[in-house]
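Welcome! Take a look at the sequence and the model, then read on.

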Amino acid sequence: MKNDASTTVNMQEHRLDVKNRPMCLSGKGVTKYFGFGKKLTKAVDHVDFEFHEGELVSIVGESGSGKTTLSKMLLGLINTTDGEIYFQGQKRDISTRHKKKEYWKGIQAIFQDPFSSFNTFNRIDTVLLDCINMRGGKHLSKDKKFEMMTEACSFVNLKFAELTNKYPFELSGGQMQRLMIARIFLLKPKILLADEPTSMIDACSRATILDMLLNLRNETGMTIIFITHDIGLAYYISDSIYIMEHGKFVESGSADEVILHPKAAYTRRLISDVPKIHEAWDLSTV
Ligand SMILES: Nc1ncnc2c1ncn2[C@@H]1O[C@H](COP(=O)(O)OP(=O)(O)OP(=O)(O)O)[C@@H](O)[C@H]1O
Ligand SMILES: [Mg+2]
């Protein structure tokens, strides 16, 4: 791809100072151990975090550092071994099915492999209609629903008319990820958790997906938790960064603080793997 000014982004431009915003999701001493005795794995080991409304935060760490385990606890898919999670300032209570369902209206996720996230037997219009219904739009007119689905697709540069009769497996990886974002656009959760959403797609689609996540945050004020092993992507997209090593946060702060003045040796090592991290981003090489 040609390197021209239009594909170069000033990374400082979109960063938000979120410190004074209300808390959206936070945790104290959040922990997950698997197994016991000689087989004990401290996947997530007493981590503290504070994610604010509208904040785009990245959690960065190498394979096995505990990122997915933490996201599963945040989503309420697995129990914590220890610690507390607070949602919108209140201790999270997902002790019953009903309470869990309510919680999931506030937090949604997109995963590495978008194909695993859909029921393959539902056509795409059904996938999107379900989102409208889940948000209490069952009673809306057919025309209104059509308008909402068309708007969600155009937000992610997909043409609804070309998709209506298709099944998820008929889409490319990049189109699927965009459809996932269109779903989130309709569901409008308070928090989106995106666990390595770009690792299965080519560099060009990756840049597009990152920009769509940024637009989503900018247009809806959603809190986005972006999980990645790639500190370069994290620097490109986030307001704040948490660095995770062996189940612990070794460093956290604003993206500029962490990348320009790293304190932990582990952070410095991750940064040294990305030679041009401090330069303006050339999207064609992301
Ligand atoms: N269900 C499980 N049972 C036992 N151990 C587990 C389980 N799930 C994860 N682990 C272990 O917990 C640690 C953290 O795994 P996790 O999947 O959270 O890492 P990750 O940071 O998401 O890695 P990756 O970048 O490869 O996705 C690993 O040592 C893993 O083997
Ligand atoms: Mg993972």
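Two strands count as paired if DSSP finds at least two bridges between them. Strands (E, at least two residues) and helices (H or I, at least four) are DSSP runs, numbered from the N terminus. With that in hand, Gly 27 stands opposite Phe 49 in strand 3.

This is a predicted model, in which local features need pLDDT of at least 70 and side-chain atom pairs count only at pLDDT 80 or more, while totals for chains, interfaces and linings use all residues. Residues are numbered from 1 along each chain as its sequence is written, and chains are lettered from A and ligands numbered from 1 in the order in which they are written.

- One open sheet has four strands in the order 3-2-5-6, with antiparallel pairing.
- Its edges are strand 3 and strand 6 (90-91), each of which pairs on one side only.
- Strand 2 (residues 23-34) runs antiparallel to strand 3, and eight bridges join the two.
- Strand 2 and strand 3 form a hairpin with six residues between them, and in the turn Gly 35 has a positive phi of about 70°.
- Strand 5 (residues 82-87) and strand 6 also run antiparallel, joined by two bridges; here Tyr 86 stands opposite Lys 91.
- Helix 1 lies across strand 2, strand 3 and strand 5, and runs at about 60° to strand 3. Such angles run from 0 to 180 degrees between N-to-C directions, with axes as lines fitted to C-alpha atoms, for helices over the stretch in contact.

- A second open sheet is built from six strands in the order 7-8-9-4-10-11, with mixed pairing.
- Strand 7 (107-110) and strand 11 (248-254) are the edge strands, each pairing on one side only.
- From one strand to the next, the twist averages 15°.
- Six bridges join strand 10 (residues 240-245) to strand 11, and the two run antiparallel.
- Met 244 has Phe 249 in strand 11 as its bridge partner.

**Around ligand 1**

- Which residues come nearest to ligand 1? Of the 13 residues around it, they are Phe 34, Ala 43, Ser 63, Thr 68 and Thr 69. A residue is near a molecule if its C-beta atom, placed from the backbone, lies within 6 Å of it.
- Strand 3 (41-52) and helix 1 (67-75) are the elements that give two or more residues to this shell.
- Helix 1 gives the most, with three residues.
- By class, the shell around ligand 1 has two nonpolar, 10 polar and one charged residues. For these classes, Ala, Val, Leu, Ile, Met, Phe, Trp, Tyr, Cys and Pro count as nonpolar, Asp, Glu, Lys and Arg as charged, and the others, Gly among them, as polar.

**How the helices pack**

- Two residues are in contact if their C-beta atoms, placed from the backbone, lie within 7 Å.
- The axes of helix 4 (residues 142-155) and helix 6 (residues 173-187) come within 8 Å and cross at roughly 130°, so the two helices are oblique to each other.
- In that pair, Met 148, Ala 152, Cys 153 and Phe 155 of helix 4 meet Ala 182, Phe 185 and Leu 186 of helix 6. The contact has seven nonpolar, no polar and no charged residues.
- Helix 3 (residues 124-134) and helix 4 have axes that come within 10 Å and cross at roughly 110°, so this pair is roughly perpendicular.
- Helix 3 brings Asp 125, Leu 128, Leu 129 and Ile 132 to the contact, and helix 4 brings Lys 145, Met 148, Met 149 and Ala 152. By class, there are six nonpolar, no polar and two charged residues.
- Helix 3 and helix 6 pack at an angle of about 25°, with their axes 8 Å apart, which makes them roughly parallel.
- Among the residues in this contact are Val 127 and Cys 131 of helix 3, and Leu 179 and Arg 183 of helix 6. The class count is 10 nonpolar, no polar and one charged residues.

Methods. Angles under 35 degrees count as roughly parallel, over 145 as roughly antiparallel, 65 to 115 as roughly perpendicular and the rest as oblique.
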